[in-house]
Amino acid sequence: MNEWASRLESSVEFYQKLPDKTCQECGKHMDEQCESYETTCASCTEKLQLAE
Ligand SMILES: [Zn+2]
């Protein structure tokens, strides 16, 4: 295996180790990378904000 292929495999392995991000409220899968700090999906975040 050459160096390039080795690096590519390491990169793929890194991304596969990232856990699936799911909403803590409804368990829906979240893919909003720009809001990675959020633990709830957009609709649940909105509901929680309205509840306060
Ligand atoms: Zn949710």
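Why does K21 count as partly exposed? Let's find out on a short tour. This is a predicted model, where local features need pLDDT of at least 70, side-chain atom pairs count only at pLDDT 80 or more, and totals for chains, interfaces and linings use all residues. Residues are numbered from 1 along each chain as its sequence is written.

Next, select K21, in the loop between helix 1 (3-17) and helix 2 (42-51). K21 is partly exposed because it has 16 C-beta neighbours inside 10 Å; buried takes 20 or more, exposed 12 or fewer, and partly exposed lies in between, with C-beta atoms placed from the backbone.

Then move to E25, in the loop between helix 1 and helix 2. Leaving out residues up to four places away in sequence, E25 touches T40 and C44 (contact puts C-beta atoms, placed from the backbone, within 7 Å).

Methods. Helices (H or I, at least four residues) and strands (E, at least two) are DSSP runs, numbered from the N terminus. Two residues are in contact if their C-beta atoms, placed from the backbone, lie within 7 Å.
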